[in-house]
Amino acid sequence: MPIFDFICGDCGEQFEALVRGSQVPVCAKCGSEKLEKQLSIPSVKTSSTHGLAMQAAKRRDRSQGSERMHAQREYELSHDD
Ligand SMILES: [Zn+2]
């Protein structure tokens, strides 16, 4: 089910709402329909998960890089004559 983040244009309340079909959500605080749908998901949970994934990818790249360098050094040592 699609959950969107909205910001109320009247009171500035920020909230998540389920949007089903043509159903228009209203502000959880003041009931206004003047809502701004947030396209990106600014949830803290999502960005920190993304950050961890990026860190893991960087760690993986680094270890692969050092493995490559190690293999290259082995190759050079064994072909040193
Ligand atoms: Zn509101």
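This report describes a predicted model of a protein chain, from its overall layout to the setting of one residue.

## Overall architecture

The protein chain contains 3 strands and 1 helix. Read from the N terminus, these elements follow the order β-β-β-α. Strand E1 covers residues 3–8, and helix H1 covers residues 44–78.

The chain has 81 residues, of which 5% count as buried. Contacts were also considered by the separation of the partners along the sequence. Of those between residues at least 6 apart, 34% join residues at least 24 apart.

## Confidence of the prediction

The mean pLDDT of the protein chain is 80, and 85% of the residues score at least 70.

## The setting of Asp 10

Asp 10 lies in the loop that links E1 to strand E2, the latter spanning residues 14–18. Asp 10 is classed as partly exposed because 13 other C-beta atoms lie within 10 Å, a count that falls between the limit for exposed residues, 12 or fewer, and that for buried ones, 20 or more.

Beyond its neighbours within four places in sequence, Asp 10 is in contact with Cys 27, Cys 30, Ser 32 and Lys 34.

Methods:
Residues are numbered from 1 along each chain as its sequence is written. This is a predicted model: local features need pLDDT of at least 70, side-chain atom pairs count only at pLDDT 80 or more; totals for chains, interfaces and linings use all residues. Helices (H or I, at least four residues) and strands (E, at least two) are DSSP runs, numbered from the N terminus. Two residues are in contact if their C-beta atoms, placed from the backbone, lie within 7 Å. pLDDT is the predictor's confidence in each residue, from 0 to 100.
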